[in-house]
Amino acid sequence: MQRRISLIPQPQQLTAADGDLDLSLLSAIAAAPELNPLAWLLSDALGRGTGLRLPVVQSTAKDPVEGRVLRLSLAGDRPEDFTTAAEAYRLDVTPSGVDLTAAHPAGIARGIATLRQLLPADALREAPAADPVVPLVRITDEPRLRWRGVMLDVVRHFQPKDFVLKMIDRAWLHRLNVVHLHLTDDQGWRFEVPSRPKLTEIGSWRAETKVGHARDEPAGYEPTPHGGFFSVSDLREIASYARERHIMIVPEVNLPGHARAVLAAYPELGAGQNKPVCPTFGVFEEVLEPTQAALDFALEAYTAIAEVFDGPFIHIGGDEVPMTQWESSPIARELMEREGMEDVRGVQAWFTRAFCEHLATMGKRVIGWDEILDGGAPAEAAVQVWRTQAYVEKALEAGHEVLVSPQTHVYFDHYESEDPSEPLRIHGLTPIEKVAAWDPAPAGVDESRILGAQCQLWSEYLPNPRDVEYAAFPRLAVFAEVAWTNVDVREADPVLDRLGVHLERLHAMGIGYRPLEGPKPWQQGGTGRYRRFDFQFTEPEVE
Ligand code: TNX
């Protein structure tokens, strides 16, 4: 019988042999020059968790370092960035050393994540707590989907930078390759745009916050200010932290709706009366007016963010844009006449097109929530579908590439169980079993047009990193498997059977995850402001 090796995500091919390799018998990490930064990251991670300090030495095909080493090498024709082939790797652990080979550095980054999971769980601690021993194994691996992401909402409740960096690390360990940062919304504007100081002076904080669920009217407001934002230097640090790990940051600047924080700072860009940064949660009617000034503002914000993050995608948001203000706005009517629009939804399409054209001049591709389909969007824009499967089909028919993130399966701000002691959540029910059973690209869907899959951590009811951790883990691990591993491989060894060992890893990392049997007493909602609140929740329909 093969010995049991418990990794998440499950690699596509894994053969185990009897025996272990003690990494302290190795003399160095021997890396191709281009892999030097990853080699040091690996050396550092090994050093922290096991005390083993392996030096990094340069090794090339022509002039290889001999002896027992941990070898990182590049081989074969280099695939394009952001392809599944770029993330493929082979990992061989034999009595004579470790060989990690890929055709692209991104593949090495994924292989390092697997190697770290082969170590004892305690090796994931921040100080030496485990022996540097790994089982003898041969792994050949490549992800099923190109885009495997997690979205962090740093608006509804600000999440500090060190936590963002931690989430990048955790994404890395689960072989995810995208961290989507939701940076602007009604409740706050969370990044510095030097030419628009009021965005952060005024827009980055609110004076009070709804207590309990937004729909629980009598609960009232807590008059404690809440806020925070990332300076340009913070953003640069986040960008380079992610880049080192071959993780793409997708920054989202959500316009022209969800605009209350923008309009609190610059009311002249909207149509309504002045209102403060929004203290509660939901969908609000304030939108940007379709004026040149509003467009100039938006393009300035996109330029600022696109200059910092060097990935190929910028997220323009575009979800839940109510048409009410535009329906009664003379400026919107005039635009509609001038452009021959029959439907007011054309106004959103007008913004979407301008964002796409502008970002294309910066070499960026746009992605937006599936509402950008309602009024129409340029075919080169990718569409992130969150409402229903019908929008996947609608987007594919209109020629878009699709990122699938159905609220029914991968919204980790939804309840995890029916247990009345679960802490306050927005609504829904997404137990881990449902995530495990999910197929992001079921038969009949053209998988070549599916960019990938992404889970979401909206933070209306996740005020602190601990709350985000509870909502995210271990569902995120199961999500990572679903996005990485082919269905037949998943079925051969169900991910839920591998979770036990994985929870030890999460524990070693100090993550406040949700135990499979339910919340610990201190994780429960209790009877105060975080008590469970339920109401009838209906999924949106397709028109
Ligand atoms: C819908 S998903 C929203 C968000 C909320 C989320 C809560 C999407 C594009 N819009 O504004 O935070 O539901 O689950």
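Buried means under 20% relative accessible area. The views below come from a predicted model.

**View 1. Strand S18 and its two parallel partners.** Strand S18 spans residues 365-369, and four of its five residues are buried, which leaves the strand mostly covered. Strand S17 (residues 313-315) is joined to S18 by three bridges, and the two run parallel. Within this pairing, Arg365 of S18 is the bridge partner of Phe313. S18 also pairs in the parallel sense with strand S19 (residues 382-385), again over three bridges. Here Ile367 is placed opposite Ala382 of S19.

**View 2. The open sheet of seven strands.** The strand order is S1-S7-S5-S6-S4-S2-S3, and the pairing is mixed. Strand S1 (13-22) and strand S3 (56-58) stand at the edges; each has a single partner strand, so one side of each lacks a neighbour in the sheet. From one strand to the next, the twist averages 20°. Strands of a sheet pair through backbone hydrogen bonds, in either a parallel or an antiparallel sense.

**View 3. Strand S4 between S2 and S6.** In the order of the open sheet, S4 is listed between S6 and S2. Strand S4 covers residues 70-74; four of these five residues are buried, so the strand is largely enclosed by the rest of the structure. Strand S2 (residues 29-31) runs parallel to S4 and is joined to it by three bridges. Across this pairing, Ala31 stands opposite Leu72 of S4. Five bridges join S4 to strand S6 (residues 97-102), and these two strands also run parallel. Arg71 stands opposite Asp99 in S6. In a regular strand, side chains alternate between the two faces of the sheet.

**View 4. Packing of helix H5 against helix H7.** Helix H5 (residues 232-244) and helix H7 (residues 292-308) pack with their axes 9 Å apart, at an angle of about 45°. That angle makes H5 oblique to H7. On the H5 side the contact is made by Val232, Leu235, Arg236 and Ala239, and on the H7 side by Ile305, Glu307 and Val308. By class, this contact has five nonpolar and two charged residues, with no polar ones.

**View 5. Surroundings of Arg260.** Arg260 belongs to helix H6 (residues 260-265). Its relative accessible area is 8%; because the limit for buried is under 20%, Arg260 counts as buried. With neighbours within four places in sequence left aside, the contacts of Arg260 include the charged residues Asp186, Lys275 and Glu286. Also in contact with Arg260 are Pro276, Val277, Cys278, Pro279 and Phe284.

**View 6. The annotated span.** In an unreviewed entry, UniProt lists residues 146-486 as "domain: Glycoside hydrolase family 20 catalytic". The end C-alpha atoms of this span lie 13 Å apart.

Notes: Residues are numbered from 1 along each chain as its sequence is written. This is a predicted model: local features need pLDDT of at least 70, side-chain atom pairs count only at pLDDT 80 or more; totals for chains, interfaces and linings use all residues. Side-chain values use heavy atoms; hydrogens and water are left out. UniProt positions are given in the numbering used here, feature names are shortened, and annotations may be inferred rather than shown by experiment. Axes are lines fitted to C-alpha atoms, for helices over the stretch in contact, and angles run from 0 to 180 degrees between N-to-C directions. Angles under 35 degrees count as roughly parallel, over 145 as roughly antiparallel, 65 to 115 as roughly perpendicular and the rest as oblique. Contact means heavy atoms within 4.5 Å. Buried means under 20% relative accessible area, exposed over 50%, partly exposed in between (1.4 Å probe, protein chains only). Two strands pair if DSSP finds at least two bridges between them.
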